[in-house]
Amino acid sequence: MSFSSFHLYFDDLEVGQEWTSGGRTVTDADIVNFAGFSGDFNPIHIDHEFAKGTPFRRPIAHGFAVFCIASGLGIIAPPVRTIAMLRVSGWNFSLPVFIGDTIHNVSRVKEKTVRGRGRRGEVLWHRSIINQDGKVVQDGEVITLVECRTPAREAAARESEPTPASNN
């Protein structure tokens, strides 16, 4: 995937703006695949018989799997010219996510800081992962590095714009 004209620059974001992603249902395959590539085969996630003896009574999704799914949902809500995720801070794992739960992501701009002599900026986001019942299952803050509009880019864009007809 490459950035397109609808991807937002750092300059386009304003503190307080908020976006809600579409939903995504967590499947048994998601849990099994995450266990496979992470190496986390804790029976609370993959053993239905074991899980019956836990307070949850059924397998739960890995907390980081849910975080990763929500990260993917956030790619288009909002579509931002993200260069990198820099930090995750104060992340809360509040409620379990079960097979069949549908989650969505709410992202809000909390703070912006220009970096790299105006070529990029850090965005502090508050992100909430919400289930089908409207309950927050995870939330916290992430900091991403986002591309800025540069004076050179803006000048080139202005040069390619049509000029108004002159009155002679």
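Predicted model: local features only at pLDDT ≥ 70, side-chain atom pairs only at ≥ 80, totals over all residues.
1. The residue Ser128 lies in strand β5. Is Ser128 buried or exposed? Ser128 counts as buried because its relative accessible area is 11%, and the limit for that class is under 20%. Leaving aside residues up to four places away in sequence, Ser128 is in contact with His104, Asn105, Val106, Gln138 and Asp139.

2. Five helices and six strands make up its list of elements. Read from the N terminus, their order is β-β-α-α-α-α-β-β-β-β-α. The chain has 168 residues, and 38% of them count as buried. Among contacts with a separation of 6 or more, 71% join residues 24 or more positions apart. The chain exposes about 9,700 Å², of which carbon and sulfur atoms supply 54%.

3. Trp125 deserves a separate paragraph. Not counting residues up to four places away in sequence, the contacts of Trp125 include Leu13, Trp19, Pro78 and Val80.

4. How many cavities of 30 Å³ or more does a search of the whole structure find? The search finds one. The volume of the largest cavity is about 60 Å³. Its lining consists of Phe67, Ala70, Ser71, Met85, Trp91, Asn105, Arg127 and Val142. By class, five of these residues are nonpolar, two are polar and one is charged. Both α4 and β3 supply at least two lining residues, and α4 gives the most, with three. Asn105, which belongs to this lining, is also among the residues touched by Ser128.

5. The largest pocket comprises about 210 Å³ of space. Twelve residues line this pocket, and Gly74, Ile75, Thr82, Arg127 and Thr144 are the closest to its centre. The elements that give two or more residues to the lining are β3 (82–93) and β5 (120–130). Strand β3 gives the most, with three residues. The lining is made up of seven nonpolar, four polar and one charged residues. Arg127 is named both for this pocket and for the lining of the largest cavity.

6. The last point turns to Asp12, whose place is in the segment before β1 (18–20). Asp12 is classed as partly exposed because its relative accessible area is 25%, and that class lies between the limits of 20% and 50%. Apart from residues up to four places away in sequence, Asp12 touches Gln17 and Arg149. What separates the C-alpha atoms of Asp12 and Val80? The separation is 9.2 Å, although the two residues are 68 residues apart along the chain.

How values were computed
Residues numbered from 1 in each chain as written. Heavy atoms only, no water. 1 Å grid on protein atoms, 1.4 Å probe; cavity = no way out; pocket = protein on both sides within 12 Å on 5 of 7 lines; lining within 4 Å. Points joined across faces, edges and corners; volume = space filled by probe spheres on them. Helix = DSSP H or I, 4+ residues; strand = E, 2+ residues; numbered from the N terminus. Nonpolar A, V, L, I, M, F, W, Y, C, P; charged D, E, K, R; others polar. Contact = heavy atoms within 4.5 Å. Buried < 20%, exposed > 50% of the residue type's maximum accessible area, 1.4 Å probe, protein only. Areas by Shrake-Rupley, 256 points an atom, 1.4 Å probe, with all protein chains shown as cover.
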